[in-house]
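Please look over the sequence and the model shown here before reading on. The paragraphs after it go through the structure step by step.

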Amino acid sequence: MDSLSDLLAKEGFVRDKKVQLVAAPDHDSIALPIYICHNRPKHRRTASSSKQQRRPSNEPAIDEVATKAVISILSGYAGKYLKDKGFRDSLRDKCLVNRTNGLLDNMELGIQSIEKLIDNPGTVKEMKVKLLRNSIGFLTIVASLNSTKGTGDSNSQLSACAQLYLSIVYKIEKNDRICARHVLQVFVDSPHLARTHLLPDLWEHFFLPHLLHLKIWYNNQTESILDHLVSRDQEEQIKKHLSKVYDEHMDMGTAQFALYYKEWLKTGWQPPATLPSVPLPTINLFSSSSTRRRRSSSLFNIFVHRTIFGNDVEKQASTENDHGAMEQKTENEEELCIDVYNTNQQINTESRPIDPQGIKTPTQVTHSHVNSSSSDLTQAISTISSSQSLLKCEMAIRAMAKAWLDDPLIENTLAKPLVIEGMLEVLFSSDNEEILELVISLLTEFVARNELNGKIIKNFDPQLEGFMNLMRNSSLFLKAAALLHLVKPEAKQMMLTEWVPLVLRVLEFGDQTQTLFSVRCSPQVAAYYFLDQLLCGSDQDRMENGRLVISLGGLSLLCRRMATGDIVEKIKGVSIIYRCILSDGRCRHYLADNLNPELIFELMVYDCSDTTISLLVELICLHRFEQRTKLFEKLLKGWDCLSTMQILLVCLQRATLEKRPLVAAVMFQLDLMGDLLESSVYREEAIEAIVQALDRKILNENVQEHAAKSLLILGSRYSYTGTPEAEKWILKEAGYDESLEAGFHGRYYVVQGSKNLNNEDEIEHWLRKAAMSLWMRGGKKLIGALGESIANGLPSLARASLVTISWISKFVHTVGDGDVLHSIEFSTLIQHLMQCLNRDNTIEERILASFSLLSLSKSSGFLFEISDDEKNAMVIHLRSMSKVTWTAKRLVTIIAGSPSRR
């Protein structure tokens with residue numbers, strides 16, 4: 001690799017006395033200017049000094065030279081990829097090591113495009129541009145997924161790899177400045193991976209000079225371990241902790257300087273005024289971190305104890321010896337850590353006894369404490385289990401809570417069915433909020449430790465009437481929701497519609513985590529769980545609860561929550577919103593105007609779940625064409641730096657087999673917003689996915705059902721509730737009056753006065769574009785697949801295919817594609833349509849077939865190719881339906897005028 005001097009010379013700079021560079025080493029690494037490597041003086045420019053110290057016009061500014069140096073160094077390392085095949089292979093293996101991650105599909109596609117360019121240097125310009133665009137699109141999707149959870153997160157590591165490959169793409173395009181910024185972003189996204197695996201040489205020569213004080217500190221600390229008399233196990237633990245602290249600070253410093261230089265390159269030639277400062281770690285390697293944790297836990301319990309019972313807790317350690325014993329107990333007993341997400345944790349109750357001079361062992365202290373309070377606890381348990389006096393039971397609750405805080409290891413004594421049932425009676429009977437909170441906290445502890453305790457609670461209050469009263473309490477409803485969430489109620493226990501407003505209140509005001517003794521619970525997580533149950537019951541309950549969520553303003557609340565929540569909350573919000581649409585399709589019009597489409601695309605990039613895809617599909621099924629067009633315009637804005645079509649294309653590749661045709665339908669609809677005369681890879685991929693879903697070899701009912709839905713979406717006509725109405729429109733065009741027949745569409749809801757809501761000319765123009773695109777780009781494959789589906793598909797798919805052929809055929813005469821009209825697939829389609837005229841089919845299917853045959857007769861001479869016997873059979877079927885559709889009469893006339901063919 002070229003030295004820095006050579007790189008600067010290529011950029012047009014020469015070394016002079018004002019720009020001193022460190023001599024380049026013999027190996028390929030690049031040396032850094034002293035100006036960059038060490039703390040530089042701050043430049044404060046004033047108007048006068050600027051005039052007095054103006055440099056000659058032919059002398060480059062030192063900041064300008066340093067910036068060029070930074071760009072040259074960073075882009076030089078990206079350029080190594082182009083020259084060194086071994087480096088390319090090594091980097092590919094490092095970045096694609098985790099084959100189980102679905103995001104690697106995008107990464108691999110991007111890498112393949114880059115390697116194809118490098119392996120074929122003579123690639124024509126158009127193909128080169130296409131490959132570069134593909135690689136940028138695929139890599140940008142991966143690079144955008146950097147998680148905020150930490151540098152060790154798998155998404156952060158994938159993002160770092162993607163940033164490195166993006167730098168290579170821009171190096172190929174000879175855009176060194178952007179290339180350098182992407183290299184720096186590698187060290188921002190995953191500094192540890194970048195400095196230890198991806199670019200260790202670059203880190204050593206570019207970043208390490210800034211962080212040498214950390215390395216010196218680490219070496220000194222390592223040597224100091226030898227000066228202390230510790231066991232081998234302790235030495236290993238200390239070294240492990242030291243390495244962890246060192247790595248954390250080194251990663252933090254690396255990321256800070258990467259951001260510093262990135263900001264430098266972003267703002268221009270002048271570097272930022274403030275150089276990052278990375279302080280030395282402040283730790284004591286020879287003090288037990290576990291001791292500190294246990295003491296803090298003990299202090300927390302004391303704080304809670306004082307809050308509830310006053311300061312008499314201090315009397316427990318009044319003497320010096322007792323205080324010493326309690327300290328020993330705190331340091332040696334196993335730490336008790338109750339977590340809501342780990343309810344089955346085993347607790348070690350044994351203590352390591354020590355016997356210093358005159359000091360009791362921790363076991364002795366524990367036994368003495370239990371003996372002194374066991375009689376009170378026994379009395380409390382007896383009272384709560386049998387007493388009919390609410391006042392005495394409340395006093396028993398205080399005693400039990402105090403005993404629990406003193407020693408949570410008494411769980412086996414307290415958490416018994418009879419005791420829990422007595423506590424529930426107090427919970428549902430008392431109006432003392434202090435007592436109620438104590439009971440909720442104790443029960444939360446019990447359920448968090450053992451889920452069987454939750455079953456006891458559900459059996460005691462099967463219809464959750466007591467919990468509903470607690471949820472009405474304006475002071476305790478969040479804590480009650482937290483406890484109820486741990487109990488995991490089912491939909492059949494939440495039958496009353498009054499649950500909906502109570503749950504929405506929890507969702508709106510449940511931002512703050514509730515701490516119930518040692519258990520921390522999120523009320524909002526609880527609210528989403530409750531909503532999920534309310535919208536997953538029986539059809540009637542689900543519909544009723546969903547409509548109630550909508551009428552109470554739940555959609556507005558969910559949109560606000562999703563806009564500010566994390567990715568997990570967005571996923572849950574999408575699921576609830578989708579179920580609301582299923583409950584009442586009319587709400588999609590509100591969502592089209594108020595739900596930010598970027599939230600949907602963010603989730604599609606994140607996991608491309610079936611629910612997210614389903615929500616997007618439901619959103620575009622809008623009755624008013626004008627509103628649909630505005631939604632399409634918002635959707636086409638994309639998300640972050642990714643285009644909408646790129647996101648949909650990747651989602652199409654990652655989606656399940658069942659959801660692929662739905663993604664394809666959405667992608668095809670959005671592609672129609674562009675110019676049909678221009679070729680589009682998105683259009684081709686969408687049509688291909690739909691054709692594959694129609695393949696009769698796929699013996700999957702779910703795939704065929706979703707394929708049928710995707711075809712109806714292409715029809716672009718919907719009722720106000722979102723029901724596809726392309727079939728109804730074709731039947732109306734054919735003159736069919738469903739009031740004279742018990743038609744299939746009698747159950748559809750139709751909004752009167754639709755002329756003011758839909759511009760028929762615009763819809764007609766849109767369908768003409770769709771028909772031309774499908775006929776010309778889908779060609780014989782699509783026509784053949786639709787014909788086979790009419791003949792052999794599921795009833796829903798056969799019907800949808802017949803509807804699709806009907807409205808496409810209406811515009812075929814404007815296309816005039818002879819290749820399709822004279823193909824075997826087209827002839828087979830005609831035969832299937834003729835069979836649909838048979839009386840065995842419904843009247844609607846027969847009318848759709850006659851409409852299609854009449855429309856296709858305008859563009860094709862198929863009537864000249866069928867035999868007289870087939871014509872006679874057609875005439876018989878058509879005359880039987882001539883009273884309900886004019887198409888039958890017209891087709892009979894045309895057949896009668898066609899020449900005979902034996």
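How many cavities of 30 Å³ or more does a search of the whole structure find? The search finds three. A cavity here is a set of points, on a 1 Å grid over the protein atoms alone, where a 1.4 Å probe fits but cannot get out. Rolling a probe the size of a water molecule over the atoms shows where empty space is left. The largest cavity holds about 50 Å³ of space, where a volume is the space filled by probe spheres set on the points, and grid points are joined across faces, edges and corners. Its lining, meaning residues with an atom within 4 Å of a point, consists of Ala491, Met494, Met495, Gln533, Leu534, Gly537, Ser538, Asp541 and Asn545. Helix H25 (523–534) and helix H26 (539–551) are the elements that give two or more residues to this lining.

The model is predicted, so local features need pLDDT of at least 70 and side-chain atom pairs count only at pLDDT 80 or more, while totals for chains, interfaces and linings use all residues. Residues are numbered from 1 along each chain as its sequence is written, and side-chain values use heavy atoms, with hydrogens and water left out.

Now take the chain as a whole. It has 44 helices and two strands; these are DSSP runs numbered from the N terminus, with helices (H or I) of at least four residues and strands (E) of at least two. Of its 902 residues, 50% count as buried. Buried means under 20% relative accessible area, exposed means over 50%, and partly exposed lies in between (1.4 Å probe, protein chains only). Of the contacts in the chain with a separation of 6 or more, 73% are between residues 24 or more positions apart, a contact being heavy atoms within 4.5 Å.

Helix H44 (residues 886–897) shows how burial can be arranged around a helix. H44 has twelve residues, and the distance from its first C-alpha to its last is 17 Å, close to the 16 Å expected at 1.5 Å a residue. The expected span is 1.5 Å times one less than the number of residues. Which residues of H44 are buried? They are Thr887, Ala888, Leu891, Val892 and Ile895. These residues lie on the same side of H44 because they cover an arc of only 135 degrees around the axis, the arc being that of the directions from the helix axis to the C-beta atoms. Lys889, Thr893, Ala896 and Gly897, on the other side of H44, are exposed. Helix H42 (843–857) and helix H43 (868–879) are included in what covers the buried residues of H44.

Helix H19 (residues 417–429) can be checked in the same way. Its 13 residues should span 18 Å at 1.5 Å a residue, and its end C-alpha atoms are 18 Å apart, which agrees. Among the buried residues of H19 are Val419, Ile420 and Met423.

The next topic is charge. Side chains of opposite charge can pair when their charged atoms come close. The structure holds 26 salt bridges, each a side-chain nitrogen of Lys or Arg within 4 Å of a carboxyl oxygen of Asp or Glu. In one of them, arginine 449 meets glutamate 445 at 3.6 Å, N to O. Both lie in helix H20 (residues 433–449), four residues apart, about one turn of the helix. Arginine 449 is buried at 9% relative accessible area, and glutamate 445 is buried at 1%.

Arginine 561 and aspartate 511 meet at 2.9 Å, N to O. Arginine 561 lies in helix H27 (residues 554–564) and aspartate 511 in the loop between helix H24 (499–509) and strand E1 (514–516), so the pair ties together parts that are 50 residues apart in sequence. Arginine 561 is buried at 11% relative accessibility, whereas aspartate 511 is exposed at 51%. Arginine 799 forms a salt bridge with glutamate 845, their closest N and O atoms being 3.5 Å apart. Arginine 799 is in helix H39 (residues 795–809) and glutamate 845 in helix H42, so this pair ties together parts 46 residues apart in sequence. Both arginine 799 and glutamate 845 are buried.

Terms used
1 Å grid on protein atoms, 1.4 Å probe; cavity = no way out; pocket = protein on both sides within 12 Å on 5 of 7 lines; lining within 4 Å.
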